[in-house]
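Dear colleague,

Please find the structure below, handed over for your records.

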Amino acid sequence: MNFDDVIYLGLLIGCIAFGEVYRKLQDPETRKWVGTCVGLVVVLAVSGIHLLHPVFLTITNILILTFVDKSLCHVASFFWSFSYLFFFRVCHYVGFEMPPAHTNAILMMITLKLVGVCYEVHDTWKKRGLLKKEEDEEVKAKLMQELKYEEVDPSPADIFHYAFNYVGVLTGPYYKYRVYVDMLHGTFVDSGLNCVQAMLQRIWVVPLYSVAFLITSHFFPLSFAEDDAIFTDYSFFYRVWYMTPVFFTFRMRIYSGFVLSECVCIMAGLGAYPKICEPKPGKGPSNYEALEQKENKEQKTEFNFETIHNIDEYGADFTPTVRAGMRCWNMTVQFWLANNVYKRLKLARPIKEALTMLTSAYWHGVYSGYYLSMLTVPFILAIEDYFDRLVRRKLGDTGKKWYDWLSWFIKMQNFAYMGMAFLLLRVNTTLYYWHSIGYLYHGLLFLMHCAAQYVNLILGKAEHKLKKARATAVIDETTKIRYKRTIEVASEPAVALDTSNGDAVGAKKDD
């Protein structure tokens, strides 16, 4: 850990402590200005003169919202912000000073916020237009309810305050502009929620993650994966195994940072909503009916901070599939990607998944390792879906348990394999390491795909033959007569035999 990392960690802890002061500010305007001033100081401490990058991006997005039509502002913001994010990362090639790595993290989060608020403004404009045209009272009531809890109408100053509020400015999590507005007005925090207790319940795992990180990073450093010794003095199986502790070290570092970031939000009171309204990471309330019922009743309410819940460590580690594991990882950003990319595309599901992962890779950086890692994911998801349909759904309870255990093992190895690309970053180092283990998990994906296609082909042919047999089956008249006689005989009463004289007792006599 270098000096910049120590400063970064100190600022995170300082932001957690400052939350106790910030939360007690009663006036929304005061909360707004104090939060922004502290945020600017934090960004300046990390970035220095490079603070100008996020400031410039924010000002240009304010201009987009001011002068671009609401029907297109979200598209303009998306392409402009992601274009500037690319320029920021390569600006040192055209004569500018290379920005610090931590400034990159800040600009990543501000990019999501600025594009996100443009989407919120666009959606508000769209729903207001639908409300004016709608004649169905039930639909109108639903639209009015959604607007009550989702509509936004920020001023240029509001957007600047939202971008630079100290809560989440360093490492996230992402949260909607409407969630920020709710925090400023103290809608639920002022209802007696114990934020300190909630923070302590979340932060206690950080020392465990930190110690695990320090130990494993010492004995299994990432740098060794680039050292000639691992390729000349160690076996193929050691290199396959070495990915696991390296990925474990990475997870411990990320878990520590994500949990500390959540604690900053908790202490500030950001993202506190009644549990009954089913808050979702990044989004906030999802059950508006329950929220309205709560507002109309004075009763003790249970709150949670699911809105800013960014990492489900247990789910990321122990769910059996890559799809389920990814949903537990960086969940607020997952919401942003799902809401602003995946759901907006009118394409086939595999294509939407690939484009969403491409957007995620682009957002993470320009290094090829991000693309090698994340663009492998759609293929893994397709294989998982195949085997779920062809194998898992046909198993009993015991079979499903064994299947899930095997699936979990393969999932963690796939994550470790992709993690090497994510960590090594450069294409030459990544491919050199993957080549040294024979592109093992890409090969496994190919074999599993072939097996799934073969089984699917066999089952498909069998189903086709069965349908064809049913459609072409012909029963001649002789067969029908025989079938009718068989049914009639089977329906007659049973006949008892008197073995003394050989006659049938109860048999019908001829006339």
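This is a predicted model: local features need pLDDT of at least 70, side-chain atom pairs count only at pLDDT 80 or more; totals for chains, interfaces and linings use all residues.

Residues are numbered from 1 along each chain as its sequence is written, and side-chain values use heavy atoms, with hydrogens and water left out.

Aromatic rings

A search of the whole structure finds 42 aromatic pairs (rings of Phe, Tyr and Trp, the last by its six-membered ring, with centres within 6.5 Å; planes under 30 degrees apart are stacked, over 60 edge-to-face and the rest tilted). The rings of Phe18 and Tyr22 have centres 6.2 Å apart and planes at 35 degrees, so this pair is tilted. Both residues belong to helix α1 (residues 3-22), four residues apart, about one turn of the helix (helices are DSSP runs of H or I, at least four residues, numbered from the N terminus). Phe18 is partly exposed, at 23% relative accessible area, whereas Tyr22 is buried, at 1% (buried is under 20%, exposed over 50% and partly exposed in between, with a 1.4 Å probe and protein chains only).

One aromatic cluster is formed by Tyr209, Phe247, Phe250, Tyr255, Trp329, Tyr367, Tyr370, Phe415 and Phe422.

Two lysines sit over rings (NZ of Lys or CZ of Arg within 6 Å of the ring centre and within 35 degrees of the ring normal). Lys113 is 5.3 Å from the ring centre of Tyr162, and Lys352 is 4.3 Å from that of Tyr342.

Helices

In helix α16 (residues 331-340), seven of the ten residues are buried: Met331, Thr332, Val333, Phe335, Trp336, Leu337 and Asn340. Their cover includes α4 (73-90), α5 (101-133), α15 (322-327) and α17 (349-364).

Helices α4 and α5 pack at about 170 degrees with axes 8 Å apart (axes are lines fitted to C-alpha atoms over the stretch in contact, and angles run from 0 to 180 degrees between N-to-C directions). That makes α4 roughly antiparallel to α5 (an angle over 145 degrees). The residues of this contact (heavy atoms within 4.5 Å) divide into 13 nonpolar, seven polar and one charged (Ala, Val, Leu, Ile, Met, Phe, Trp, Tyr, Cys and Pro are nonpolar, Asp, Glu, Lys and Arg charged, and the others, Gly among them, polar).

Yours sincerely

Conventions: Helices (H or I, at least four residues) and strands (E, at least two) are DSSP runs, numbered from the N terminus. Angles under 35 degrees count as roughly parallel, over 145 as roughly antiparallel, 65 to 115 as roughly perpendicular and the rest as oblique.
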